[in-house]
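Open the model in your viewer and keep the sequence panel beside it. This tour goes stop by stop, saying what to select and what is there.

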Amino acid sequence: MALVNDGTMMMADQAAENAAQEPVEQPADEPADRPVDKKVYLLAAFRDGETASDGGPTTGMAEDVVAVIGMADGRQRFEWVGAGQEDSVANPALVTPVKVRLALPSPWHPDGDGIVTGLVQLAPAQLGDGTIDEDIDHLLAELAKTRAPGPTSADAG
């Protein structure tokens with residue numbers, strides 16, 4: 001789904017297709033500390049009126065991302081896209097619509113809003129060659145560009 005590629009956001013399926021069509025050579029001097037099995041997920045949110053009434057799982061299309069999760073070599077990292085939970089929920093990052101295959105009522109959004117959240121895994125082709133921290137830091141920087149500007153000192157008066 002989401003790393004920026006030439007200024008556009010790509011869906012995971014699209015990135016996987018592109019990667020499958022283009023041969024990728026592994027450099028001989030690849031760092032030994034590169035995680036073998038790293039995974040990065042977007043915590044995506046969307047409104048689903050049907051789920052609000054029954055509390056069960058649903059699927060749908062999401063454009064809002066409130067957090068990023070990464071796992072590699074037994075290490076896990078969770079980061080909000082904003083300064084914290086409230087900031088991330090109020091001002092999520094925006095991505096091209098992506099299918100969320102399993103979403104549940106969001107524990108971070110107000111009850112009754114009908115907001116659900118689910119994980120969207122990025123394709124391996126969307127991740128860099130570095131560490132999980134480098135991938136997450138890069139992804140957060142790119143996602144920050146899509147968030148609405150926060151209040152400025154001129155707005156405070």
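**Stop 1: the strand pairings**

Select Val40 and Gly70: Val40 stands opposite Gly70, which is in β4. You are looking at a predicted model. Now widen the selection to the two strands. Strand β3 covers residues 39-47 and runs antiparallel to β4, with seven bridges joining them.

Stay on β4, residues 58-72. Which strand does β4 pair with over six bridges in the antiparallel sense, with Ala93 as a place to look? Select Val65 in the viewer and find Ala93 opposite, in β6. β4 and β6 are antiparallel, with six bridges between them. Strand β6 spans residues 93-105.

Next, select β5, residues 75-80. Six bridges connect β4 and β5, again in the antiparallel sense. For one of the bridge pairs, pick Met71 and its partner Gln76 in β5.

**Stop 2**

What is the phi of Asp73 near? It is near 50 degrees, a positive value in a residue other than glycine. Most residues other than glycine have a negative phi. Is Asp73 buried or exposed? Asp73 is exposed, because its relative accessible area of 59% is over the 50% cut-off.

**Stop 3: the aromatic cluster**

Show the rings of Phe78, Trp80 and Trp108. Ring pairs link these three into a cluster. How many aromatic pairs does a search of the whole structure find? The search finds two.

Start with Phe78 and Trp80. Phe78 is partly exposed at 36% relative accessible area. Trp80 counts as buried, because its 19% relative accessibility is under 20%.

Now move from Trp80 to Trp108. This pair is also edge-to-face, at 5.6 Å centre to centre and 85 degrees between the planes. Trp80 sits in strand β5, whereas Trp108 sits in the loop between β6 and β7, so the pair ties together parts that are 28 residues apart in sequence. Trp108 counts as partly exposed, at 26% relative accessibility.

**Stop 4: the nonpolar core**

Select Leu42, Val68 and Leu143. These are the residues with the most contacts inside the largest nonpolar core, which has 23 residues. Colour by element next: β3, β4, β6, β7 and α4 each supply at least two residues of this core. In soluble globular proteins, nonpolar side chains tend to be buried together.

**Stop 5: two loop residues**

Select Pro57, in the loop between α2 (49-54) and β4. Pro57 counts as exposed, at 58% relative accessibility. Show its surroundings. Leaving aside neighbours within four places in sequence, Pro57 is in contact with Leu102, Ala103 and Leu104. Then draw a distance to Val116. The two C-alpha atoms are 8.6 Å apart, although Pro57 and Val116 are separated by 59 residues along the chain.

Go on to Gln126. This residue lies in the loop between β7 (115-121) and α4 (132-144). Is Gln126 buried or exposed? Gln126 is buried, with a relative accessible area of 6%. What does the side chain of Gln126 reach? It reaches the backbone nitrogen of Ala123, at 2.8 Å.

**Last stop: confidence**

Colour the model by pLDDT. The mean for the protein is 78, and 68% of the residues reach 70 or more. Confidence is highest in strand β5, at a mean of 96, and lowest in strand β1 (residues 4-5), at 38. Select residues 1-32. Here the pLDDT is below 50, and the stretch has 49 contacts in the model beyond near neighbours in sequence. Where pLDDT is low, the predicted coordinates should not be read in detail.

Definitions and conventions:
Residues numbered from 1 in each chain as written. Predicted model: local features only at pLDDT ≥ 70, side-chain atom pairs only at ≥ 80, totals over all residues. Heavy atoms only, no water. Helix = DSSP H or I, 4+ residues; strand = E, 2+ residues; numbered from the N terminus. Buried < 20%, exposed > 50% of the residue type's maximum accessible area, 1.4 Å probe, protein only. Polar contact = N/O pair within 3.5 Å; in protein donor to acceptor, adjacent residues only side chain to side chain. pLDDT = per-residue confidence, 0-100. Contact = heavy atoms within 4.5 Å. Phe/Tyr/Trp six-rings, centres within 6.5 Å; stacked < 30°, edge-to-face > 60°. Pairing = 2+ DSSP bridges. Core = buried A, V, L, I, M, F, W, Y, C linked by side-chain atoms within 4.5 Å.
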